[in-house]
Amino acid sequence: MEGAMRCFVFLLAVGCAMAVNLKIGVMNLGHTSSDFDQAMSTIRESGAFPKSLQLSVVEKTIDAADNNLTSLTADMAEFLDEDICATVLLDCWDDHCPDSSFILRALPQPIIRVGPPVSKDHNKQADINILEIHPSANQMAKMLHQTIQTFNWRSLTVFFHKSGGYHGVFEQLMSLMSYSNVYYRVAEIPNDPTARHVQLESFLKSSKNRKEKRFLIIADAYATNEVLHYALHHLMLDPRYHWILTTLEENGLQVYHHRNTGVRMTLFRLRTHETAYSKFVNFSNENQTNTLQAAMTFDAALTVWHATRLLAEEEDICDQIGSAVYKVGFNGRSGMVAFGQQGTRVKFSIEIMELSFEGRPEHIGEWNEREGVTLEKWTKLTGIQSTDPILGGAELKILGREKNPWLIVKGCKSGEVCSRKKLKGFLPDLMDHLKKRLGFTWVMNLTKDSMGEKVKGEWKGLTGALVRGEADTVLYGATTRSRRTEVLEYSFPIAHQGYYIIIQRPDSSLNIMDLAGLFEFLAPFDIWVWAAIGAGLLAVTVSLFVINWLNPFEWHQLAQRGVVDKEEGNHFNLVQSAWFTYGCLVGQGGENLPKSTAGRVVAGTWWFFVLVTVASYTANLAAFLGRANRVYAVQTPEQLVADRLMPYGTYEGYTLLKFLQNTSLPPFRAMGKYMQEHSDTSILKSKDEGLRRASEGNFAFIGEPNYGYVLQNKWCNLTLGSAPFFKSMIALPFPAGSPFIEPINRALMELQDEGIMDNLRSKWLEKTGKCMEHTKSDGVLRINNFKGVFIVLLLGITAGAIVGLFECFGHQCRKCIKKVCGEDSKNSEENGTELKMETDI
């Protein structure tokens, strides 16, 4: 047993002697940080580190700002006494960090630097092997320049800070912009707080006076926050302005406070992707903040780990680690980590973001060295901000009540929050346009409440909800009413609507039993005109008969003197005179014409009268035949009042009813009086009752504006018999004093000027429905329009047949009588001859 223990101890000592011990130096400039130690602990605990390697960390913190050369030299000598294979330099990120190039020359190589961006030429000039975790100043400048070009900026103001490593980014960007046509102004951010305040105040004020709207800040997070703070006081963080923030320290930027300003703000961060190398992303604890510096420190530890894994089987690991670090490539906490020949990072990408309405950066594209800037298709490049300083980022609470065509809801119940996919209609489309223009979001709860009235000093319904602050506005398509203006404010009118006379649509099918419109062909003339025409026809007939009977130069007198045949003397007897007069009236003329001058004067005058009468009748016939029946002719309130045979009424809940009962304006006064006298039949308990009675015929229902849509889709046998009257405005209601009124009104007027409101009205308020095929024939003459004429024709044919039968019967009777009379005369003659013969004998 003792021998076995000795053997185990011996083998353990041999294994330890064979294990390679690597020392990694960590030089911390500035504040003390435990980021690297925590990263190495995470790697060791993962069990993925080679067992043949023992990694130890030699950490040293040096105050680089200390000008005591003796103290600095002693600290460096102590650090260099250790046998270090590679160095991780945690460089200074503060504003007052001095140049650390003199320290870099003394550190063991390779050096993995975690710090602000530096120029590509920095390593070459120092002639040392440095790997930069942070993208270089050249890469950052190239990204900024390409972003500015993508946004189509033609002028801008650049704020830059010399400290923190961003001076190199500024110099490289100025070099690139010198070859472009972009006009820019430059303002330095001083280190001294007093000078910084004076400089920023002065420059921001002059920029505002010049109406400069585009700004670029090249500085760390702290200085960037200060510039934005001063800009906010100068009212330069609103939808008119666009700011680009260079720093990749996203978590250090206080942009959340500017979420409601509507300002367009572009930010950047290193983009990460989930791969097999991201298994150490759990590097965090309560004392560790998720900062860019912490993420890059963790990636520096991962770089060492990957390099030692590549050299695990080598004997001279410490000598070869300088070349191995250039072969590593992994996805770390700060994105893809790989290094080029000059020690700069390659194969990484930077995410381009913009401040969203919720105060969080939202992805809009990315940048990499190979493809440059790539933006999403929906990203706006014009610089026109689509948010409002008041409504930008706000969420409107909205109550909605279904009402076609204003708000159409499918698949959502009352009391529920309805998603946008379940909503259709004029108002949801309008809210979408306002949302894009002003930058707010909205959530709608469906309700069955009406606008409500004031009961015992308290407003009910939707008005009450607005007064109590339960909603910001209402989607209902309600008309504006003066009584609600004490607690509500209305937006710019979105439509104008009125009330309509709703009547039954004429039936195009033939119904002989329906007497309506039977004598529609007589409608062009009043009954007294037809009586006068009949009297004129009778007078002319008698005149021609008298002239023919008495005038010596007419047919009858000429026949008496033997000038003409006796048969021709009957041309203008009473029957023939009437036939001639009627023939002229219907445009057929007569077989014979008067002979005398007197007769011709009467006939010519009659022809002129017929010419005017027939022309007037023809001109009005088509219009009156196009009117299906007497009911369909009711098109105005005046006609409705004048037509005493047509009952009418309206819904008791309409504002119109109160107007009719209190107005003194004709014809509305007469309508109100009629409804008071016939309140039991004219003042209806429901709207559907009015539509039902109108559909049954011989009733006119005075309905609300939205029935233009209802009649086109549900009640196909009804039509709007009139143009709208008692018009009022449709608007969005807001609580009195609402801050949203002004931006909403401004946006609505812009939509009106751009023609978008007209498109919405055409799409929803004037939309043709499934019942429109019934109206396509309106104005076209149907069989019902001619049934009276056809009945007259049928009666004429029947009368002709009857008269023909009488004529045939009379003719046969005459023949029989003549035959009988002829035989009697023959017998009489024979009897007389015989009697004469007998007498002679």
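Mentor: Keep in mind that this is a predicted model. A search of the whole structure turns up 23 salt bridges.

Trainee: What do I look for in a salt bridge?

Mentor: Look for a side-chain nitrogen of Lys or Arg within 4 Å of a carboxyl oxygen of Asp or Glu. Here, glutamate 453 and arginine 484 pair up that way, at 3.3 Å from N to O. The two sit 31 residues apart: glutamate 453 is in the loop between strands S20 and S21, and arginine 484 is in the loop between strands S23 and S24.

Trainee: Is arginine 484 buried or exposed?

Mentor: Arginine 484 is buried, at 6% relative accessibility. Glutamate 453 has 33%, so it counts as partly exposed.

Trainee: Which residue forms a salt bridge with lysine 454?

Mentor: That's glutamate 486, with the closest N and O atoms 3.2 Å apart. Glutamate 486 lies in the loop between S23 and S24 while lysine 454 is in strand S21, so this pair ties together parts that are 32 residues apart in sequence. Lysine 454 is partly exposed, with a relative accessible area of 42%.

Trainee: And how far apart are the closest N and O atoms of glutamate 470 and arginine 468?

Mentor: They're 2.9 Å apart, and the two residues form a salt bridge. Glutamate 470 is partly exposed at 44% relative accessibility, and arginine 468 is partly exposed at 48%.

Trainee: Which residues do salt bridges that share partners join into one network?

Mentor: Arg420, Asp429, Asp432 and Lys763 are linked up that way.

Notes
Residues numbered from 1 in each chain as written. Predicted model: local features only at pLDDT ≥ 70, side-chain atom pairs only at ≥ 80, totals over all residues. Heavy atoms only, no water. Helix = DSSP H or I, 4+ residues; strand = E, 2+ residues; numbered from the N terminus. Buried < 20%, exposed > 50% of the residue type's maximum accessible area, 1.4 Å probe, protein only.
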